[in-house]
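The following questions and answers concern the structure shown below.

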Amino acid sequence: MRQREYKFNNSVLKVIFGDILNSKAEVIVSSDDTGISMAGGVSRVIREAGGDIIREDAQKKLPAQVGDVIVSTAGTLEHQKYVFHCLTLDYEHKFEVFEGKLANSEEMNNYIIQHSVDKCFRLMQALDLHSIALPCIGVGLARIPLKQLAVNLADVISLNLFKTQKPYEIELYLYESTGYDHNRLKLSEMDYIDMFENFAIKAALYQHELEKEARMSVKNSDTRQKPIVMNIPKREEMHHQVFISYSRKDVDAVNTIRDILEQNGISYWIDKEGIFSGENYKEVIVDAIETAKAVIFVSSVNSNASINVIRELGYAVKQRRTIIPVMLDDTPYAKSVRLDISDIHQIEFKDDISSGKEIVTSLLYILSLAEAG
């Protein structure tokens, strides 16, 4: 039982008993405290193998909080391009930001696992990476129970692989390193059986859904050409507060922004499939922008190269709609809209609580002004 493989779409997940330092993945993940001391466990052996430059580079990106991920150089590690530091422990117990939101340590652990692994996948997409090696984050000094980790890792990794067609190779190392003190934890291979079972269940469920869709496709197939029925939204049916202008290449980050809006009761309109940006449906975009009180511009290298996004922003400016630029990267605005929005306050999107709060605060202020006016 040294290794198991599970297939999700075009990706492969390998659950491995062995030394994470033997991995040839582009990224190696370190489980760290919020000071990135790299003084124990898997973080220590990564630092010892790759040099103190890893810790020094990561600490330049502080402060950060539990659940965040810091990207650093991989130092002298032979195969890796980066180290992703998942912050699972705060020695000073500064969890004030979670007060009233997370009821207990179990919820805190769930948040740490899910948020940090989600961020790893988003960073892989942003950096155009395709392979990553993870340890059992938080099982050591952070004292996250192994059973809880098994459930959450299976959920968050499987979900990320379900929703992409990209060919990712994910390695999950159950024995983080030969330099790690497993005797203190008294773990054996059988202690990790929950990990295997949870991933096996997720893979089986996914395969079941694929087979179900295939059967339905055969059942519903018809040799006659059927007309395509499209539900075109009418203006009188639109009651949203915010219009989201974005590139569909940035869908993962945009989905996070949508979640933030939904959690705070802010209604929005988004062209999810790119259907209404076409020549035949421009009036739908026009109605959606005119109905909105504000426009979120998800700025990135992709959106600033999109003619449809530029048209949307141009019309929003013409209609005097307030634009909130949410920056996914440092790409300059497209020249055709630069004069109109260059002096507008930007929100740097880091997929964390603080940037989400800034988006919501800005929107609520704008919407309150619109209601008053």
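Q: Is Cys-120 buried or exposed?
A: In this predicted model, the relative accessibility of Cys-120 is 1%. Buried means under 20% relative accessible area. Cys-120 therefore counts as buried.

Q: How many disulfides does the structure hold?
A: A disulfide requires two cysteine sulfur atoms within 2.5 Å. Cys-86 is in no disulfide, and its nearest cysteine sulfur, that of Cys-120, is 3.7 Å away. Cys-120 is likewise in no disulfide, with the sulfur of Cys-86 as its nearest. The number of disulfides in the structure is 0.

Q: What is the relative accessibility of Cys-86?
A: Cys-86 counts as buried, and burial requires a relative accessible area under 20%. For Cys-86 the value is 0%.

Q: What is the geometry of the aromatic pair formed by Phe-121 and Tyr-168?
A: A search of the whole structure finds 3 aromatic pairs, and one of them joins Phe-121 and Tyr-168, whose ring centres are 6.2 Å apart. The angle between the planes is 80°, and angles over 60 degrees are classed as edge-to-face. The geometry of this pair is edge-to-face.

Q: How many residues apart in sequence are the parts that Phe-121 and Tyr-168 tie together?
A: Phe-121 lies in helix H3, residues 105–126. Tyr-168 lies in the loop between helix H4 (146–162) and strand S7 (169–173). Because the two residues belong to these separate elements, their pair ties together parts of the chain whose separation in sequence is 47 residues.

Q: Is the aromatic pair of Phe-243 and Trp-269 stacked or edge-to-face?
A: The ring centres of Phe-243 and Trp-269 lie 5.7 Å apart, with 10° between the planes. Planes under 30 degrees apart count as stacked. The pair is accordingly classed as stacked.

Q: Which strands hold Phe-243 and Trp-269?
A: Both Phe-243 and Trp-269 are buried. The pair links distant parts of the chain, 26 residues apart. Phe-243 is in strand S8 (residues 242–245), and Trp-269 is in strand S9 (residues 268–269). The strands are S8 and S9.

Q: Which residue in S9 is the bridge partner of Val-242?
A: Strands of a sheet pair through backbone hydrogen bonds, either parallel or antiparallel. Here 2 bridges join S8 to S9, and the two strands run parallel. The partner of Val-242 in S9 is Tyr-268.

Q: Which are the edge strands of the open sheet?
A: The sheet is formed by 5 strands in the order S9-S8-S10-S11-S12, with parallel pairing. An edge strand here pairs on one side only. The edge strands are S9 and S12.

Q: Over the ring of which residue does the charged end of Arg-248 sit?
A: A charge sits over a ring if, among other conditions, CZ of Arg is within 6 Å of the ring centre. The charged end of Arg-248 is 5.2 Å from the centre of the ring in question. That ring belongs to Tyr-246.

Q: How many residues apart are Lys-14 and Glu-169?
A: The side chains of Lys-14 and Glu-169 meet in a salt bridge at 3.5 Å, N to O. Glu-169 is partly exposed at 31% relative accessibility. Lys-14 is in strand S2 (residues 11–16) and Glu-169 in strand S7, so that the pair links distant parts of the chain. Their separation is 155 residues.

Q: By about how many helical turns are Glu-48 and Arg-44 separated?
A: The side chains of Glu-48 and Arg-44 meet in a salt bridge at 3.1 Å, N to O. They are 4 residues apart in helix H1, residues 41–50. The separation is therefore about one helical turn.

Q: Which residues are linked with Asp-52 in a network of salt bridges?
A: Asp-52 forms a salt bridge with Arg-55, the closest N and O atoms being 3.4 Å apart. These two residues lie 3 residues apart in helix H2 (residues 52–59). A further arginine belongs to the network. The residues linked with Asp-52 are Arg-47 and Arg-55.

Technical notes:
Residues numbered from 1 in each chain as written. Predicted model: local features only at pLDDT ≥ 70, side-chain atom pairs only at ≥ 80, totals over all residues. Heavy atoms only, no water. Phe/Tyr/Trp six-rings, centres within 6.5 Å; stacked < 30°, edge-to-face > 60°. Buried < 20%, exposed > 50% of the residue type's maximum accessible area, 1.4 Å probe, protein only. Lys NZ or Arg CZ within 6 Å of the ring centre and 35° of its normal. Pairing = 2+ DSSP bridges. Salt bridge = Lys/Arg side-chain N within 4 Å of Asp/Glu carboxyl O.
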